[in-house]
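Please have the structure open while you go through the points.

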Amino acid sequence: MIAQQLINALTLGSVYALFALGFTLVFGVLEVINLAHGAVFMAGAYAALLLVTKANLNIWVALPLAMLASGALGLLIDQIVLKPLRGRRAHHLMPMIATIGAATLITNAAQGIFGAETSRFPLGTIPEESFQIGTIRITELQIAIVIISFLLMLLLMVILKKTRLGKAVRAVAENPQTSYLLGINVEGVFRLVSFTAAALGGGAGVLIGLSFNAIFPFMGQPLMPKGIAVIILGGMGDVRGAMVGGLFLGVAEVMSVAYLSSDYRDAVAFGLLFLILLVRPSGLFGRVLERKA
Amino acid sequence: MTDDLQVFWATYNTLVYTVGVHAMLALSIYLTLSCGLLSLGNAAFMGIGAYTAALATLRLGLPFGEALALGGLLPGLVALVIGIPTLRLSGVYLAMATLGFGEVVRVVFLNLEITGGSMGLNGIPMKTQLWHIVAILVVLVYGFVRLRRSKIGRAFEAIKEDETAAKAMGINTTSYKLLAFVLGAIIAGVAGGLNAHFTFFVSPREYGFDPAVDILTGAIFGGTGSFVGPMVGSAILAILPELLRFLKAFRLAVNGLILILVVIYLPNGIWDRKLFARLRRKGSA
Amino acid sequence: MKKVIIGALCGLVAAFAVATTAPAAEIKLGVAAALTGPVAKYGVPIRNGFTLASEEVNAKGGVNGNKLVLVIEDEQAKKEEAINVFKKLIFQDKVFAIFGPTLSNSAFAADPIANQAKVVVFATSNTVNGITDMGPWVFRNSIMEADVLPVTVREAVKKFGIKKVAVLYGNDDAFTKGGYDVFKVVLETQKIPVTNTETFAKGDVDFRAQLTKIKAQNPDAIVCSALAEEAANIILQARNLGITTPFVGGNGFNSAKLFEIAKAAADNTIIGGPWAAESVSARNKAFVAAYTKKYGAEPDQFAAQAYDALYIVAEALKAVKLSGNLEKDRQSLRDALPSVKIEGATGPFTFRKAPAKAGVETGYDAQQDAHIFIAKGGKFVLMK
């Protein structure tokens, strides 16, 4: 049982990490807790669902298209909702409030368009049978989610660390004003990050929608507190931290079900997060940086 | 007209009560924000207050005043206990820690026998009256007016502006932060107790993540320049869904749209005194 | 500020009053349902059921020549909103009776309002204990799990030779927790050992940790109280983990959604209830056909119960002589309801007085026979 539970923890943790990657990117660079991330995540899932059911596309063609669509939505949110607030002396939580408005608008519009009920991808979109390795059972999709989330994390880390573009993004994350003086196209970086983060979020929506057969307008909502927990635990805007944070939450949840009580699962998971923050007040990989409330 | 007014009051008195309770919650989070603390624990404190007051009425048969007092006291004590280790955190890390605390509280409500699990507590008698809410709000507003010019108020202000500098000036930042946190919890607890006694019912899902964010949204939306802004903001957010009822299925979408528009055009919140001053100057010029 | 709001509201009210005034006598009935937000997936079919039934009644000339007019309001599954909606329906729209609200939790907040104002409140989806204890004006036709689950469990045990079971339920939802509470008592009284009891939370999509734990105990069946979407996912993940035991489901399983999502993996799931979409009565066939035609989706049990509830009230209204005095007419409707007998989509229906509680007069629960269904080839069929 322990082997199977470790696999369960790994796959659940990868799901959380996948959701959190784009979330943490926006948080790190734009310094906004983007509460519309769950709505973009949902939009990605619906986009792929439409492409598969209405346009009869293969899921692996639909996935990148859905990511493009949700990336565009993210860009739209940034340009319409967040850009007007940049450079104005607004309360630093105002952008977050604006994203709540965007989330409310998008999810409820989606409910108006698609209805309130749960949909799933048609049978046979992907192979659903699980196979046995030793004492554990796993599906191809579960393996894919683990691999994809690790690959995306590595890819993002390499881009951020090794490329000119990545250096620009990091510079903007550190200090937008100085970056501007250094000749970096700060607005361009913001647009790029918004697009990429939303595309990642949308991709996560597709994979999670595929994996759990639960596509509905509010599908992003239960993931929001968990996503916030993961990115803050990992440390502000740290891609590696989001991965570790996601895995940690997955392990904490699965193990508290396995060895304690499923009744207290969320209390155990969030209680542990609480304790970790007391020991490491800036998260696992956080820069030691005082930011005011 | 008196007939119309009677119908209006019979229809909307709960809404008016709700607006009052939301104003209290807004003040409770404004208090912590004014000391530079971003807390997402206020919904949990409200929940502790609501359950305590409701149980005091249902199980102990205490008079309403005492039930409310307990509903303020227990959240205050809990805030004191968790505040001591937690308040060294700042910014989003504090928000995360208080969010975690809130989740733990919600799960405890779900699993305790005495709180009725997911069924919650029902049959709570109607005890809250308009004057209770008004009286408490008047007292609070008076307190906030006094606070602004007091030593404590100036200390809060200093900590919010720059905690390190405040410490260097000899301000005991830990005690002041703890004070703001505990007072915020007490106000939220009393608001919860009042709410429980005009809605007949409390359940754990009213005190989770979404309500915590809602309380913060009301305050920021209204503007945190003074204590008036949060009250105005939360009142508007409480009334808006009722005003938009005629939009049927689209009312929440429009609600979101209004939130975006206000944030874009009034980035300091609805109650922006600098903006008012500018408008006045423009008007007189 | 207040004046502005009063003004705006009066304006709105006036606008609606003009829009809805019609020549014939009208009987206004309120519907309070969760039409926006996460609970809308249950509220929308409920609204559809009421709308369909009222259109049918009006198309046949209404009740004693009077037209039924539904005043439908969204209560968002929030307690304050439910209270606001109830008050609006009672004091402003002056309805004869209110259907709803969608969740039991909201009912505990809003029903006392109706009971105090002496207006019938008729629940079609509140299943937990205690709803009809709130007062003599509270009625419901939602299935009582306490009536159904003992039969379900007994039949399942007989069918599969079950010796021990595992239990899985959603513990932060009154609907699924209420189902579990009944299961627990039933399993105790029928002396069926429980290997382990696991819970999940609303919004969960990954149930593998709980299922892995259940698998290790090797039960003969999994007794499960969950909503249809969750149930489907639980079944799929159980099969993926190599769990082949049948499921015994509560009220929430009874939905076409179960098969839409779980497909054939749901086979051998046993549920009980007065209704399933495949019930063969002519009344039900007509309902399912009309509903599917109008809304392009199959009805679930919530839609069926809402549909029947409207016919129950229409039947009671036949016996009411309208006096034009609202209070009197509300009282007459209340007095006529308990003796109503109809043949609905969910089968033969009568009310029964809820067991007396000390000091409080109780309302009325549904009295219906439960049938046991088993999933075969993507639908529920009557178990022989």
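1. The lining of the second largest pocket divides into 20 nonpolar, 13 polar and ten charged residues. This is a predicted model, and the pocket holds about 1,000 Å³ of space.

2. In total, 43 residues line the second largest pocket. Those nearest its centre are Phe114(A), Gly115(A), Ala116(A), Glu117(A) and Lys257(C). Chain A gives two or more lining residues from each of α2 (37-53) and α4 (94-114). In chain C, the elements that do so are α2 (40-59), α8 (228-240), α9 (256-262), α10 (282-295) and α11 (301-318). The most comes from α2(C), with six residues.

3. The largest nonpolar core has 185 residues. The members that touch the most others are Val29(A), Phe121(A), Ile228(A), Phe45(B), Met96(B) and Leu216(B). Helix α1 (residues 2-30) of chain A supplies the largest share of this core, 15 residues. Another core, of 56 residues, lies apart from it and includes Leu227(C), Tyr291(C), Ala314(C) and Ala336(C).

4. What is Phe45(B) in contact with, leaving aside its neighbours within four places in sequence? The partners are Pro75(B), Val78(B), Ala79(B), Ile82(B), Phe101(B), Phe181(B), Ala185(B), Ala188(B) and Gly189(B).

5. On confidence, chain C has a mean pLDDT of 90, with 93% of its residues at 70 or more. Residues 11-23 of chain C, however, stay under 50 in pLDDT. For this stretch the model has five contacts beyond four places in sequence. Where pLDDT is low, predicted coordinates should not be read in detail.

Conventions
Residues numbered from 1 in each chain as written. Chains lettered and ligands numbered in written order. Predicted model: local features only at pLDDT ≥ 70, side-chain atom pairs only at ≥ 80, totals over all residues. Heavy atoms only, no water. pLDDT = per-residue confidence, 0-100. Contact = heavy atoms within 4.5 Å. Core = buried A, V, L, I, M, F, W, Y, C linked by side-chain atoms within 4.5 Å. Buried < 20%, exposed > 50% of the residue type's maximum accessible area, 1.4 Å probe, protein only. Helix = DSSP H or I, 4+ residues; strand = E, 2+ residues; numbered from the N terminus. 1 Å grid on protein atoms, 1.4 Å probe; cavity = no way out; pocket = protein on both sides within 12 Å on 5 of 7 lines; lining within 4 Å. Points joined across faces, edges and corners; volume = space filled by probe spheres on them. Nonpolar A, V, L, I, M, F, W, Y, C, P; charged D, E, K, R; others polar.
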